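Me: I would like to go through this model and ask what each label rests on. Please set the values against the cut-offs where a step needs them.

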Amino acid sequence: MRKKNEITFVFDSSSENESLARMVVAAFLTRLDPTMEELADVKTAVSEAVTNAIIHGYEGREGKITIHSIIEENQIEIEIQDSGVGIPDVEKAMEPLYTTKPEMDRSGMGFAFMEAFMDELEVHSETDKGTTIRMKKTIYSALNLS
């Protein structure tokens with residue numbers, strides 16, 4: 001097994017591309033032979049991050065989302081970046097149940113889900129410049145691969 005592999009892909013900030021992003025990262029991850037739970041965790045975290053970029057980052061405007069992912073040994077790192085409006089207060093935005101879009105029935109649990117399903121989560125944002133979310137997860141089932 002190769003020790004390191006990476007992909008980068010860019011797509012439009014359209015809600016129909018959320019499932020594409022989730023599936024591309026899942027397909028990339030399959031080389032580690034993750035359990036169904038590990039795979040579901042990563043897919044959910046990617047889905048939440050991409051949905052945040054579409055709904056909150058671009059607020060319905062057109063834009064691009066970039067996903068860069070690296071697999072090294074038995075760990076996947078995923079970086080999801082937008083060039084949208086940014087988050088004025090990242091700490092506040094990461095509080096469970098906090099949402100800036102209650103009229104859209106947003107639960108405010110996106111960052112909480114990302115934190116719960118991934119081993120590490122970092123959020124960097126700058127107003128009017130965009131947001132970068134970095135997540136890491138160790139795939140323990142891959143430790144048995146030769």
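Me: Which residues is Ser-47 in contact with, leaving aside its neighbours within four places in sequence?

Reply: They are Glu-18 and Arg-22. The model is a predicted one, and contact here means heavy atoms within 4.5 Å. Ser-47 itself is in helix 2, while Arg-22 belongs to helix 1.

Me: Why is Ser-47 called buried?

Reply: Its relative accessible area is 15%. Buried means under 20%, so Ser-47 is counted as buried.

Me: What makes Arg-22 partly exposed?

Reply: Arg-22 has a relative accessible area of 22%. The partly exposed class lies between the buried limit of 20% and the exposed limit of 50%, so Arg-22 falls in that class. Not counting residues up to four places away in sequence, Arg-22 touches Lys-43, Val-46 and Ser-47. Its C-alpha atom is separated by 8.2 Å from that of Val-42, 20 residues apart along the chain.

Me: How do you know which residues make the contact between helix 1 and helix 2?

Reply: The test is heavy atoms within 4.5 Å. On the helix 1 side the contact is made by Glu-18, Ala-21, Arg-22, Met-23, Val-25, Ala-26 and Leu-29. On the helix 2 side it is made by Leu-39, Val-42, Lys-43, Val-46, Ser-47, Val-50 and Thr-51.

Me: What values describe how the axes of helix 1 and helix 2 cross?

Reply: The axes come within 9 Å and cross at roughly 145°. The crossing of helix 1 past helix 2 is right-handed.

Me: What span is expected of helix 1, and what does the model give?

Reply: Helix 1 covers residues 18–29, twelve in number. At 1.5 Å a residue the expected span is 16 Å, and the model gives 17 Å from first C-alpha to last, which is close to it.

Me: Why can the buried residues of helix 1 be said to line one face?

Reply: The buried residues are Glu-18, Ala-21, Val-25, Ala-26, Phe-28 and Leu-29. Seen down the helix axis they fall within an arc of 160°, so they line one face of helix 1. An α-helix has 3.6 residues a turn, so residues three or four places apart point the same way. The cover over the buried residues of helix 1 includes strand 1 (4–12), helix 2 (36–57), strand 2 (64–72) and strand 3 (75–82).

Me: Which residues of helix 4 are buried, and what do they pack against?

Reply: Gly-110, Phe-111, Ala-112 and Met-114 are the buried residues of helix 4. They pack against helix 2, helix 3 (90–93), strand 4 (120–126) and strand 5 (130–138).

Me: How many helices and strands are there in the protein chain, and in what order do they run?

Reply: The chain has four helices and five strands. From the N terminus on, the order is β-α-α-β-β-α-α-β-β.

Conventions
Residues numbered from 1 in each chain as written. Predicted model: local features only at pLDDT ≥ 70, side-chain atom pairs only at ≥ 80, totals over all residues. Heavy atoms only, no water. Helix = DSSP H or I, 4+ residues; strand = E, 2+ residues; numbered from the N terminus. Expected span 1.5 Å × (residues − 1). Buried < 20%, exposed > 50% of the residue type's maximum accessible area, 1.4 Å probe, protein only. Arc of directions from axis to C-beta. Axes fitted to C-alpha atoms, helices over the stretch in contact; angles between N-to-C directions. Left-handed = near helix turned anticlockwise from the far one by under 90°.
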